[in-house]
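Student: I would like to go through this model with you and ask, at each step, what stands behind the words used for it.

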Amino acid sequence: MEKLIRVAVIGCGGRGMYSYAPYVKQFENAEITAVAEPIAERREFFAETYHLKPENCFETAEEFFAQPKMAEVVFICTQDRQHYAHTIAALKKGYDILLEKPVSNLPENCIDIANTAKRLGRKVMVCHVLRYTPFYQKIKEAIQNGEIGQVMSLHQFEDVGWGHYAHSFVRGLWRNSDETSPMILAKCCHDMDIILWLIGSDCQKVSSFGTLSHFVPENAPIEGDRCTKECPKYDSCPYCADKVYHNPKWAWAQQAVVLNPNEEKLQKALSENKYGRCVYRCDNNVVDHQIVNLQFEGGVTASLTMCAFTNEMTREIKIMGTRGEIIGNMEENTVTIKRFGEEPEVIDIRTIATDLSGHGGGENKMVRDLFAMVRGTDNGAALTSIDKSIQSHIMAFASERSRVEGGRVVELEEIYKEHTQII
Ligand SMILES: NC(=O)c1ccc[n+]([C@@H]2O[C@H](COP(=O)([O-])OP(=O)(O)OC[C@H]3O[C@@H](n4cnc5c(N)ncnc54)[C@H](O)[C@@H]3O)[C@@H](O)[C@H]2O)c1
């Protein structure tokens, strides 16, 4: 019988509570045994859900890491800027780690985590779930099988979705890069990672443009900063909080507004907390649209378009090779292979994968790989690890530098040279 893997969850917000922890139950020889979370209501709800002993529930990560080692793996699901300290503490204590993205908001911290993990012989899996989705796996397989010849160019679209953007990047947790991370890292490190994985060679340089144009005070209809029924634009503004959180498309966001929501709790929260603010009067500064051009080894080019103003929350991709194209739409769950001179082949991902829940079916597969990695039975085949994530993070840091500097071409080498080398 396989050895039991005990898991401690650090940070029980959206990700710690609802994303990876529930998958642990699917595995016979894995169990959640500890938690660290400062918000009592969240910690208690989590402890009740997973039948945790009171002595295994801690108010903070710091308190948890001060104890003797009490699990094999920690899931680090705290906020972006806390990842570094919590990950280094976990590594020093001897834990293997499932680390939420982004690895850190600073390149030097990303590199230090990779170096420390290597030095201490610990395993760190970064939650780049897209690599595990049947959608992107099908695309990767088609490229590897030479279906479109040699890849020359790739376009990726990160369609954030208007309601999602308003919730997370105007009113919510990732609205201000001074507190969290720039948009291109917070949201698009996933896209950078998938572009890098699909192209399969090193990224050399990038340039980028992008601004925060719409969600600014100049567009506010009223003086006050709350979104209320008294606002003259209440009926016509799509970003009205009441409407966003009652739209079935964005209903998942209610959990971030208030724990275990019902109508009464939701209305009260929206009248008091940050999610009930006017979208034009928030303390947000992250861009609402950005493009990045990337050049890879061998002259392969790629572009990424991130935009708030999309109807769907999805990703689209087009890959152009010497013998054909691949076009994919995650929302529609289709991958179309157009081999030159032949009829297009349309693949419906739903016919090859049944479970597309949790990031298009990626989350449960990633947890499976994590446990194999921890047990040492993955034979180095895990699709995402700290080593594999460093370059995609550096691509995001370089893109942000370029954007801030008006689109200057930034070589990745420039950023690597500024920091300690990877061991
Ligand atoms: N993989 C993905 O696709 C994906 C999607 C969304 C978010 N994320 C990332 O996951 C991370 C968590 O996001 P979230 O939405 O769950 O955020 P969240 O703010 O809802 O959750 C973070 C939790 O950490 C707790 N916390 C704060 N200080 C702590 C401490 N010292 N010790 C222990 N817990 C502490 C907070 O109280 C909160 O409950 C972020 O870094 C985010 O960027 C990843």
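Student: What separation, taken over C-alpha atoms, lies between the centres of domain 2 and domain 3?

Tutor: The centres of domain 2 and domain 3 are separated by 30 Å, taken over C-alpha atoms. Please keep in mind that this is a predicted model, in which local features need pLDDT of at least 70 and side-chain atom pairs count only at pLDDT 80 or more, while totals for chains, interfaces and linings use all residues. Residues are numbered from 1 along each chain as its sequence is written.

Student: Which residues make up the domains?

Tutor: The assignment gives domain 1 as 5-129, domain 2 as 130-215 + 285-354 + 386-418, and domain 3 as 225-276; such bounds come from an automatic or database domain assignment.

Student: How many residues of domain 2 and domain 3 are in contact?

Tutor: Two residues are in contact if their C-beta atoms, placed from the backbone, lie within 7 Å, and 7 residues of domain 2 are in contact with 10 residues of domain 3. On the side of domain 2 that touches domain 3, there are 2 nonpolar, 4 polar and 1 charged residues, where Ala, Val, Leu, Ile, Met, Phe, Trp, Tyr, Cys and Pro count as nonpolar, Asp, Glu, Lys and Arg as charged, and the others, Gly among them, as polar.

Student: What makes the pairing of α5 with α6 roughly parallel?

Tutor: The axes of helix α5 (residues 83-93) and helix α6 (residues 107-120) come within 10 Å and cross at roughly 5°. Angles under 35 degrees count as roughly parallel, over 145 as roughly antiparallel, 65 to 115 as roughly perpendicular and the rest as oblique, and therefore α5 is roughly parallel to α6. The axes are lines fitted to C-alpha atoms, for helices over the stretch in contact, with angles from 0 to 180 degrees between N-to-C directions, and helices (H or I, at least four residues) and strands (E, at least two) are DSSP runs, numbered from the N terminus. In this contact, Tyr84, Thr87, Ile88 and Leu91 of α5 meet Asn109, Ile113, Thr116, Ala117 and Leu120 of α6, a set that divides into 6 nonpolar, 3 polar and no charged residues.

Student: Why are α6 and α15 described as roughly antiparallel?

Tutor: The axes of α6 and helix α15 (residues 386-404) come within 10 Å and cross at roughly 170°, and α6 and α15 are therefore roughly antiparallel to each other. From α6 the contact takes Pro107, Cys110, Ile111, Ile113, Ala114 and Ala117, and from α15 it takes Ile386, Asp387, Ile390, His393, Ile394 and Phe397. By class this contact has 10 nonpolar, 1 polar and 1 charged residues.

Student: What makes β3 and β6 edge strands?

Tutor: Two strands pair if DSSP finds at least two bridges between them. With parallel pairing, 6 strands form an open sheet in the order β3-β2-β1-β4-β5-β6, and β3 (57-58) and β6 (124-126) each pair on one side only. Strand β5 (residues 96-99) and β6 are joined in the parallel sense over 3 bridges, with Leu98 having Met125 of β6 as its bridge partner.

Student: Why does each of β14 and β15 have one side left without a neighbour?

Tutor: The open sheet of 9 strands has mixed pairing and the order β14-β13-β12-β11-β7-β10-β9-β8-β15. Because β14 (345-348) and β15 (410-411) stand at the edges with a single partner strand each, one side of each has no neighbour in the sheet. Strand β13 (residues 334-339) runs antiparallel to β14, joined by 4 bridges, and Thr336 stands opposite Val346 in β14.

Student: How many residues surround the ligand, and which are the closest?

Tutor: There are 26 residues around the ligand, the closest being Gly11, Gly13, Gly14, Arg15 and Glu100; a residue counts as near if its C-beta atom, placed from the backbone, lies within 6 Å. By class the shell has 11 nonpolar, 8 polar and 7 charged residues, and α1 gives the most to it, with 3 residues.

Student: What is the peptide bond from Lys101 to Pro102, cis or trans?

Tutor: The bond from Lys101 to Pro102 is cis, with omega near -10°, and Pro102 is found in the loop between β5 and α6. Most peptide bonds are trans.
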